[in-house]
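Q: Please go through this model with me. I'll ask as I go.

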Amino acid sequence: MTRFIHDQFAKDYLEELLKPYGKVEAPSHVSGEVREIDVLFTPFPEQKADTASLGLLGKLATTPAIFEPFRNPASTEEICDCLLKLLEVRGALKREAKRNATKIAESNFPKLWILTPTASKKLLSGFHGTLESDSLPGIYYLPESLRTAIIVIHQLPPIPETLWLRLLGRGTVQKRAIDELAALPSNQLYVKITLELLYNLQQNLRINQSPEIETEDRELIMRLAPLYQQERELARQEGLQEGLQEGLQEGLQEGLQRGLQRGLQQGLQKGEQLLIIRQLNRRIGTMDSSLIQQVQKLPVEQLEELGEALLDFTSVTDLQTWLQSVS
């Protein structure tokens, strides 16, 4: 069960980081047999955003690409399936070019990047994966015509350039990457959104805990818990400041003490509102003003209940249904 939670996190994570640089389809369906590409990326024709801020991941996003992240080590069968997806996309592009009576340059065909935590020497040699002298360790390129590389995340050097890929690793590799991320300034590009995605991962893992949950996932929950609490506290502080100002203004007529009490109550509520609305926007997309107003009217207790319920939301309809159930 938790593997699917990690898979969804990887897709959401790559989509969020890459969308400023091009069109992201996650997942994307290809013709032929029913196959689903995890992330299909096409860079914007005129790239204005600087991909350098994403390090190695940014370099991979300078050309059309297919990203296939694996939570567990990719097997020979799974890599073959990824190659089939690549060939099917290539075939679809050639057919489209033929219909339009145009030619497609080799550089417009996507490259396949298979992201796996570890890989055996036998598996890598079976696909003739080789390291290149001008590339980082851990990136094994298949024969040139295949336009494919297997990136072994746990072999990547622990440097800032690889951080955004190491966050998709496992165990100590992922935990070290999370520590590095948490140490970055909160206003640095992609830090805040990545932390929010990790908070969602932590909440999903916590709610779906079972006796069989992996020790690794249990440790990840524990590592992310204090970061999540820090985020809640920051949101509450933001709300508290707003609430105190509003409460004092509204309470001037009633006296300072009553204004302070009103401000504290409004502050707690606003803090929860900021956190929940931020999570909802990440989960189901931007909401219209009427839905935001309905959420803002909820008392603190129901906001906390919504914070648990939204982890199962997949669309705005889920939120609407939930709001109707508590109205």
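Q: Where is the place of Ala101?
A: Ala101 sits in the loop between helix 3 (76-99) and strand 6. Helices (H or I, at least four residues) and strands (E, at least two) are DSSP runs, numbered from the N terminus. This is a predicted model, in which local features need pLDDT of at least 70 and side-chain atom pairs count only at pLDDT 80 or more, while totals for chains, interfaces and linings use all residues. Residues are numbered from 1 along each chain as its sequence is written, and side-chain values use heavy atoms, without hydrogens and water.

Q: What about the phi of Ala101?
A: Ala101 is not a glycine, yet its phi is positive, near 55°. Most residues other than glycine have a negative phi.

Q: Is Ala101 buried or exposed?
A: Ala101 counts as exposed because its relative accessible area is 73%. The cut-offs are under 20% for buried and over 50% for exposed, with partly exposed in between (1.4 Å probe, protein chains only).

Q: And Tyr190, what is its phi?
A: Tyr190, also not a glycine, has a positive phi of about 75°. Tyr190 is in the loop between helix 6 (171-183) and helix 7. With a relative accessible area of 10%, Tyr190 is buried.

Q: Different topic. What order do the strands of the open sheet have?
A: The six strands of the open sheet run in the order 1-4-5-6-8-7, with mixed pairing. Strand 1 (22-25) and strand 7 (139-141) are the edge strands, and each pairs on one side only. Two strands pair if DSSP finds at least two bridges between them.

Q: In which sense do strand 1 and strand 4 pair?
A: Strand 1 and strand 4 are antiparallel, with four bridges. Val24 has Phe41 of strand 4 as its bridge partner. Strand 4 also pairs with strand 5 (residues 65-69), again in the antiparallel sense, over three bridges. There Val39 has Phe67 of strand 5 as its bridge partner.

Q: How many residues of strand 4 are buried?
A: Four of the five residues of strand 4 (residues 39-43) are buried, so the strand is largely enclosed by the rest of the structure.

Q: Which sense is it for strand 6 and strand 8?
A: Strand 6 (residues 111-116) and strand 8 (residues 148-152) are parallel, joined by five bridges. Ile151 in strand 8 is the bridge partner of Leu115.

Q: On to helix 11, which of its residues are buried?
A: In helix 11 (residues 300-309), the buried ones are Leu303, Leu306, Gly307 and Ala309. They lie on the same side of helix 11, because they cover an arc of only 165° around the axis. The arc is taken from the directions from the helix axis to the C-beta atoms.

Q: Where is Gly126 found?
A: Gly126 is part of helix 4 (residues 121-126). At 56% relative accessibility, Gly126 is exposed. Between Gly126 and Leu142 there are 10.0 Å in space, C-alpha to C-alpha, and the two are 16 residues apart in sequence.

Q: Which helix gives the most to the lining of the largest pocket?
A: Helix 1 does, with seven residues. Helix 1 (2-18), helix 7 (191-207) and helix 9 (256-284) each supply at least two.

Q: How many cavities of 30 Å³ or more?
A: The count is three. The largest cavity has a volume of about 90 Å³. Its lining includes His6, Phe9, Ala10 and Pro69, and helix 1 gives the most to it, three residues.

Q: What about the second largest cavity, how much space is there?
A: About 60 Å³. Its lining is Glu196, Tyr199, Asn200, Leu275, Arg278, Gln279 and Arg282. Helix 7 and helix 9 are the elements that give two or more residues to that lining, and the largest share, four residues, comes from helix 9.

Conventions. 1 Å grid on protein atoms, 1.4 Å probe; cavity = no way out; pocket = protein on both sides within 12 Å on 5 of 7 lines; lining within 4 Å. Points joined across faces, edges and corners; volume = space filled by probe spheres on them.
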